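Trainee: I have a new model open and would like to talk through its contacts with you. Shall we take them one at a time?

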Amino acid sequence: MSVLSIPKYARTKQKMLSYIGREGLDVGDKLPAEKELSELFDVSMITLRRALMELKSEGVIERVQGRGTFVQSRISNGEKLGAIGFLAVDQWSYPSPTQLEVLRKLLYQRGYKLRHFVSKRTPDSAILEELSKMRGVFVSGWVNDDWLVCLDNCGVPVVVIGEYALSRKTYSVHYDWMQAGKVMAEHFIEQGLHKLGLVCSAPAFYPGQKVHQGVVAACLAHGLAVSDSDVVWPEVGREETMIMDFLSTHGKEYDALIVEEGNYTHLLACLWECDGMPRMQIGVVGEEAQISPGLSRIISTNFSSSVTEE
């Protein structure tokens, strides 16, 4: 079930509950006038009044003739709105405890509870049963079509965190990894650095594939050739071995190296061990906060303006 399949009055009702929780309204506090609320939620008066009628029947609000609408029941920790799930598929370290706490507080302010689930790559029936009780689900990690089909069957709205090779369009929030790779390559090309090497991610990591596509697109747009030998795809557990082999064979050919953030520390370790490597620039495609500011030759793409919400 997509967000759009939920009746408009029901979505307005949820927005109203979120508004009450977000604003910290207590029992007896007066809500804005109906006209103001209809403009706030961008709905007709008919839709708004249907939502208000539902909330009144549930004891959340009280409508007093000639005086207005008042909060009748406090919304504090999601008792009225229920819970939202965060499913991490084969991703045991993300989100971090700090990230989870930030999300937990954000949802709490809007009247929801957060429940965190971690699963292996194949759909888990016990977890799916719990997710079917949620008001909505965030999902991240090794997401595939099988998981999406199972989540669809749960009948709850789903938002995918990250970019994946899926067969259909989903509601998602993700970094534009292809554009990031393209921007990084163009940064070096504009400096006259035309021979670029790419230290990518593990072959199965979809964002790494998009980074590769972006770098290749930028090079081709400037008439520069990119061969398979200019790219290394380190396998998990063999990162430094494969990067060292790559540098030993081709490292002295490059003006600059572009590295996907997950392998940048492995690359630095290998460069430290390599003898006779020429001085070159290194560009890290990833989140700027994760890159050491003390390494002046490191350049990172900044994602602050390239988060895509669909």
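Trainee: Which residue's side chain meets that of Arg-115 in a salt bridge?

Mentor: Happy to start there, and keep in mind that this is a predicted model. The pair has an N to O distance of 2.9 Å, inside the 4 Å cut-off for a salt bridge. The partner of Arg-115 is Glu-130.

Trainee: Where does Arg-121 lie, and which residue forms a salt bridge with it?

Mentor: Arg-121 lies in the loop between β4 (113-119) and α5 (125-131), and its partner is in the loop between β3 and α4, so the pair ties together parts that are 31 residues apart in sequence. The closest N and O atoms of this salt bridge are 2.6 Å apart. The partner is Asp-90.

Trainee: Over which ring does the charged end of Arg-121 sit?

Mentor: Arg-121 counts as partly exposed, at 41% relative accessibility. Its charged end is 3.9 Å from the centre of a ring, within the 6 Å limit for a charge over a ring. The ring belongs to Trp-142.

Trainee: Is Glu-34 buried or exposed?

Mentor: Glu-34 forms a salt bridge with Arg-49, with the closest N and O atoms 2.8 Å apart. Glu-34 lies in helix α2 and Arg-49 in helix α3, so this pair links parts that are 15 residues apart in sequence. Arg-49 counts as partly exposed at 43% relative accessibility. Glu-34 has a relative accessible area of 18%, so by the 20% cut-off it is buried.

Trainee: Which residue is linked with Glu-34 and Arg-49 in a network of salt bridges?

Mentor: The structure holds 10 salt bridges, and the Glu-34 and Arg-49 pair is part of a network.

Trainee: Which element gives the most residues to the largest nonpolar core?

Mentor: This core has 24 residues, and among those that touch the most other members are Met-16, Leu-31 and Phe-41. Elements that give two or more residues to the core include α2 (34-41), α3 (45-57) and β3 (83-89). With four residues, the element that gives the most is α1.

Trainee: How many disulfides does the structure hold?

Mentor: Take Cys-154, whose nearest cysteine sulfur is that of Cys-150, 7.5 Å away. A disulfide needs two cysteine sulfur atoms within 2.5 Å, so Cys-154 is in none. Cys-154 is buried at 15% relative accessible area, and Cys-270 is buried at 2%. The number of disulfides in the structure is zero.

Trainee: Is the pair of Phe-86 and Phe-138 stacked, edge-to-face or tilted?

Mentor: This is one of three aromatic pairs in the structure. Phe-86 lies in strand β3 and Phe-138 in strand β5 (residues 136-141), so the pair ties together parts that are 52 residues apart in sequence. Phe-86 is buried, with a relative accessible area of 5%. The ring centres are 6.2 Å apart and the planes are at 40°, so the pair is tilted.

Trainee: And which word describes the pair of Phe-246 and Tyr-254?

Mentor: Phe-246 and Tyr-254 are both buried. Their ring centres are 5.8 Å apart, and planes under 30 degrees apart count as stacked. The planes here are at 20°, so the pair is stacked.

Trainee: Which residue follows α7 with a positive phi?

Mentor: Helix α7 (residues 177-190) reaches 20 Å from its first C-alpha to its last, close to the 20 Å expected for its 14 residues. Its buried residues include Trp-177, Met-184 and Phe-188. After the helix comes a residue with phi near 85°, and that residue is Gly-192.

Definitions and conventions:
Residues are numbered from 1 along each chain as its sequence is written. This is a predicted model: local features need pLDDT of at least 70, side-chain atom pairs count only at pLDDT 80 or more; totals for chains, interfaces and linings use all residues. Side-chain values use heavy atoms; hydrogens and water are left out. The expected span of a helix is 1.5 Å times one less than its number of residues. Buried means under 20% relative accessible area, exposed over 50%, partly exposed in between (1.4 Å probe, protein chains only). A nonpolar core is a set of buried Ala, Val, Leu, Ile, Met, Phe, Trp, Tyr and Cys residues joined through side-chain atoms within 4.5 Å. Rings of Phe, Tyr and Trp (its six-membered ring) pair if their centres lie within 6.5 Å; planes under 30 degrees apart count as stacked, over 60 as edge-to-face and the rest as tilted. A charge sits over a ring if NZ of Lys or CZ of Arg is within 6 Å of the ring centre and within 35 degrees of the ring normal.
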